[in-house]
Amino acid sequence: MKFSCYKSDLTEALQFAIRAVAVKPMTPILAGIYLKAEGSMLELQSNNFSTGIITRIPVNTEISGETVVSGKRFQEFVRNMPDDTITFNDEGGNSLYIESGGANVELLTMPAHDFPKVKMPETDNSFKIRTTVLRNLIRKTVFAVSKDESRPVFTGCSFEIKGDKISLVATNTHRLALAVENLPDNYDNFDFVVPAETLRGLMLRIDPKDVENYVEINFSSRYLTFTFDNVFMTARLIEGQFPPYDRVIPQSSTTQVTVDSQDFKTAVEFVSLMSRETEYNTVKFIFADGGIEISSNSPEVGGAVKNVEAQIEGDELEISFNVDYILDVLRVIESKYIKIALNDKFSPAAFTEPENNNYVYVATPVRA
């Protein structure tokens, strides 16, 4: 096998493929990435049996062939190669030789026939969605999933399809993110839960500027697949019923706040430098007198305060949150302003975009 390619193309593909390389493999081959060079394409595969990835990039192939290399080491050396073009050659042996700009690397290989190739699982249903729409849905929800693997259903995003609408929901029971978008066609009603790591990996391979492309999603009761461009990804769904979430979203409020998103984010980031010294990363918000006072105090270190102008309607209110719960949503908000609906210091707050009824984020306060 002998081929050459652009470093940027391969680096991007490896960043995606590495997501399905087993971290604690049952056998060494599962820690590898399968490479197959043929014609003008290089195919990369990774498979940890929960997630499988196939992605392809353009290459110049002199000698066709296939092999398997350590995924982590391969990615590290490719990323640090000095030149824009990289040449690969296995010379028909048990090593892959990598050359670029005078740098040379030899990586031991594993037999390609031992690698468990990614297969298309049997699926019963499918739908299509714009790649950029799917990416935006994931970006605005996946951060809210739980890290507690003792409750698996909360470690993924719930997909709900109803007619021509798709909703993604994520929660760790202390916060919740819900995003809704339109589909190009009408479909039957379905719901399933997709692992967060699968969705984070998928985002890496979707070009945010490619607004014309579609991804086809096929799914059954146990598996789903994503297919678009030169990408195929399969994942095992999370078993379990996602709990009713609509009852968590506040239906009314006694205090309504409208604030510039960037000004608010900058102020919260500033005060968060102090909140890291507190037990629960706690930041206090006082909504009153045409503005928001944001503060955090640590008995061991000191205190920090920042004020932001805002439009306040309704009752004045003092409330505290884990600062990460606020910063996470501010990083994905796209509108110039953000609206916050509150009731009292013990009740969840709802964060929305003024001209977007299809997104809501709910955060539970800290009892500080």
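**Exercise 1.** Which strand does β22 join through three bridges, and in which sense do the two run?

*Solution.* First, some ground rules. This is a predicted model, where local features need pLDDT of at least 70, side-chain atom pairs count only at pLDDT 80 or more, and totals for chains, interfaces and linings use all residues. Residues are numbered from 1 along each chain as its sequence is written, and side-chain values use heavy atoms, leaving out hydrogens and water.

Step 1: find the partner. It's strand β23 (residues 349–353), and the two run antiparallel. Strands here are DSSP runs of E with at least two residues, while helices are runs of H or I with at least four, numbered from the N terminus. Strands pair if DSSP finds at least two bridges between them.

Step 2: see the link. A hairpin of six residues takes β22 to β23.

Step 3: pick a spot. Lys-339 sits opposite Thr-352 in β23, and Thr-258 stands opposite Lys-339 too.

**Exercise 2.** At what angle do the axes of α3 and α4 cross?

*Solution.* Step 1: read the angle. Helix α3 (residues 131–139) and α4 have axes that come within 10 Å and cross at roughly 135 degrees. Axes are lines fitted to C-alpha atoms, for helices over the stretch in contact, with angles from 0 to 180 degrees between N-to-C directions.

Step 1: name it. That angle makes α3 oblique to α4 (under 35 degrees is roughly parallel, over 145 roughly antiparallel, 65 to 115 roughly perpendicular, the rest oblique).

Step 2: list who touches. Leu-134, Arg-135, Ile-138 and Arg-139 in α3 meet Leu-199, Leu-202 and Met-203 in α4 (contact means heavy atoms within 4.5 Å).
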